[in-house]
Amino acid sequence: LNLPEKDPHRKVHADELDAFVAMVLADAKADDRAMRDRIYADRNELAVYAKAMLGLALHRARDTEKRDMVIRNIDQFLVEDNENQTAYLKLPDNNWWWYWYGSEYEAQAYYLKLLAAAQPKSEKASRLVKYLLNNRRNATYWNSTRDTAIVIEAFADYIAASGEDRPDMEVEILVDGKSVKKVKISGDNLFTFDNKLVLAGDAVTTGAHTVELKKTGTGPLYWNAYLTNFTQEDH
C-alpha cells in the first residue's frame, strides 16, 4: 500500500491477507495500529471471512467501537430462520469460493469466533452454532479437514465464552407421555454422560408418536433425532 504508485507490487486497497496478518499480529500482542486502521478504512473491499478476522484483531486491540461496526457490517449478510432457530451468513455473489477466504463454513466459523469474543450470549451466536451443527456431513465433518478444524475451534471458543461448558441440569425424555430416561448433566460429565436413547423393535409401534424433552436446571439443550416410521414433536 505504501509502495510508489508505479510499483507493480503496489495494492490499491488492503486485502484479505492483510486482515489475516493483522489478526495474527494482534494474537501475538504485536499489533500495528496504523496497519489496522488502514484495513478498517478499506473494510468494504474485504470478503466476509476477512471482515471477521479484522473484527477479531480489533477486539484483541480493545478497539470496541470499530469492532462493533465490523460486526454490523457482517450482520448485513445474516439470515435468521426463526422456525428452525438457526442463523447463517448468506455470502454475496462475488464471494470467490476457490480462494481461501471464499470458504463458506470457514467464514461462518470465524464469524462465530468473533461473536464468541464480543457477544457470546447473543441469540445469533447460539443460532449459528445450531446451523453449523445441522450442516455436518454424515454428522461428523463439514467440507474438509481444514474447515472442520476451524469450526470445532470456533465451537470451543463459544462454549468457553458462553458458559455452556458449565451446565447443571437434568433432562427427562418422554415418549407418548411416558418417561423413558433421565440423565443429569454437569461440567464434570459434559463429554461422558449417557447421551443416547435407542428405541427399537416392539418399543416402536405403528402410528404417530410424540417425543418430549423436559429440562430442569441451567444450560442449553441440543439434540439430534434419527427417526424411522414415526413422527416426532419437540417440546
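Visitor: By relative accessible area, taken with a 1.4 Å probe on protein chains only, buried means under 20%, exposed means over 50%, and partly exposed lies in between. Which class does W96 have?

Guide: W96 is partly exposed, with a relative accessible area of 41%. This is a predicted model, in which local features need pLDDT of at least 70 and side-chain atom pairs count only at pLDDT 80 or more, while totals for chains, interfaces and linings use all residues. Residues are numbered from 1 along each chain as its sequence is written, and side-chain values use heavy atoms, with hydrogens and water left out.

Visitor: And why is the W96 and Y99 pair edge-to-face?

Guide: Rings of Phe, Tyr and Trp (its six-membered ring) pair if their centres lie within 6.5 Å, and planes under 30 degrees apart count as stacked, over 60 as edge-to-face and the rest as tilted. The ring centres of W96 and Y99 are 6.2 Å apart and their planes stand at 70 degrees, so the pair is edge-to-face. Y99 is partly exposed at 40% relative accessibility, and Y99 also forms a tilted pair with W98, at 6.0 Å centre to centre and 40 degrees between the planes.

Visitor: Which residues make up the aromatic cluster?

Guide: F20, Y49, W96, W97, W98, Y99, W100, Y101 and Y110 form one cluster, and the structure holds 10 aromatic pairs.

Visitor: Where does the charged end of K113 sit?

Guide: The charged end of K113 sits over the ring of Y110, 5.8 Å from its centre; the criterion is NZ of Lys or CZ of Arg within 6 Å of the ring centre and within 35 degrees of the ring normal. Likewise, the charged end of K66 sits over the ring of Y40, at 5.2 Å from the centre.

Visitor: Switching topic, is helix 5 mostly covered or mostly open?

Guide: Helix 5 is mostly covered, since 12 of its 15 residues are buried, including Y110 and K113. Helices (H or I, at least four residues) and strands (E, at least two) are DSSP runs, numbered from the N terminus.

Visitor: What about helix 6 and helix 7, at what angle do they pack?

Guide: Helix 6 (residues 123-134) and helix 7 (residues 145-162) pack at about 145 degrees, with their axes 11 Å apart; axes are lines fitted to C-alpha atoms, for helices over the stretch in contact, and angles run from 0 to 180 degrees between N-to-C directions. The contact, meaning heavy atoms within 4.5 Å, is made by A125, S126, V129, L132 and L133 of helix 6 and V151, F155 and Y158 of helix 7.
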